[in-house]
Amino acid sequence: MFIENLIFPRVCFICGKKIFEKQTYTCENCSNILKYMWDEKICQYKNAYFDKLVSVFQYEGMIRNKILSFKFNNKTYLGKAFAYYISFLLKNENIFFDLIIPVPIHYKRFFERGYNQSIILAQNISKSFNIKCETKILLKIFNSKAQSLLKLKDRRNNVLNTYKVKNKSKVLGKTILLVDDIFTTGATTNECSKVLKQNGAKSVVVATISYVRRSFDG
Ligand SMILES: [Zn+2]
């Protein structure tokens, strides 16, 4: 038993029940219910520019609700729990990288929402690995429509040529961990990976909390 936990008992990020084990974010019950994606972490993707995909949870049920709260309802504290699971999986799978970059959003959307959930994830992963997180290298230069509003087949075109690398020397020869919240068709992360590779990144590992589709035609 840890004293800090006696003074500040933490709660399960899913159901809110108190938990006491160190570095655990879910109670035993929720932990049994959650569907982990650990067997499907590296997938086949048509025309992939990234080298690996690491996703923790199936996008459904309680996890889906929590991700939506995290993304749209200012529940930024959830980022710490989600980042913990991503970091745990990366460590467990011995995946190495030199630099962490979150998928950017356009500055107009940033000011509307007040935060970028991918930055919160990336900064927490950065702390856990003690590896630098750069939030100003990969930029979203055009404010495209929200992917979630589009049909799957239109998503790739929507993000085409909307990202830019600002400082090429910082990605040159690096293995980059590209962090996002949800992997749906992969259009966003693949476009970001393309731009990073075009600017000299050696390899790109995509890490997301959750993963939606199993066929990669989007
Ligand atoms: Zn729980």
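Contact here is taken to mean that the C-beta atoms of two residues, placed from the backbone, lie within 7 Å, and a residue is called buried if 20 or more other C-beta atoms lie within 10 Å of its own, exposed if 12 or fewer, and partly exposed in between. Helices (H or I, at least four residues) and strands (E, at least two) are DSSP runs, numbered from the N terminus.

I note that this is a predicted model, in which local features need pLDDT of at least 70 and side-chain atom pairs count only at pLDDT 80 or more, while totals for chains, interfaces and linings use all residues. Residues are numbered from 1 along each chain as its sequence is written.

**Confidence.** I looked up pLDDT, the predictor's confidence in each residue, from 0 to 100, and its mean over the chain is 87, with 87% of the residues reaching 70 or more. Where pLDDT is low, the predicted coordinates should not be read in detail.

**Chain.** I recorded nine helices and eight strands, and 37% of the 218 residues are buried. Of the contacts with a separation of 6 or more, 71% are between residues 24 or more positions apart.

**Helix 4.** This helix spans residues 78–92, and its 15 residues reach 21 Å from first C-alpha to last, close to the 21 Å expected at 1.5 Å a residue, where the expected span is 1.5 Å times one less than the number of residues. I listed its buried residues as L78, G79, F82, A83, I86 and L90; they lie on the same side of helix 4 because they cover an arc of only 125 degrees around the axis, the arc being that of the directions from the helix axis to the C-beta atoms. The face turned away from that buried side carries the exposed residues K91 and N92. After the helix comes N94, with a positive phi near 55 degrees.

**Helix 9.** I then turned to residues 187–198, where 12 residues reach 16 Å from first C-alpha to last, close to the 16 Å expected. Helix 9 is mostly covered, with nine of its 12 residues buried, among them N190, E191 and C192. What covers these buried residues includes strand 5 (138–140), helix 7 (155–159), strand 7 (175–183) and strand 8. Just after helix 9, G200 takes a positive phi of about 100 degrees.
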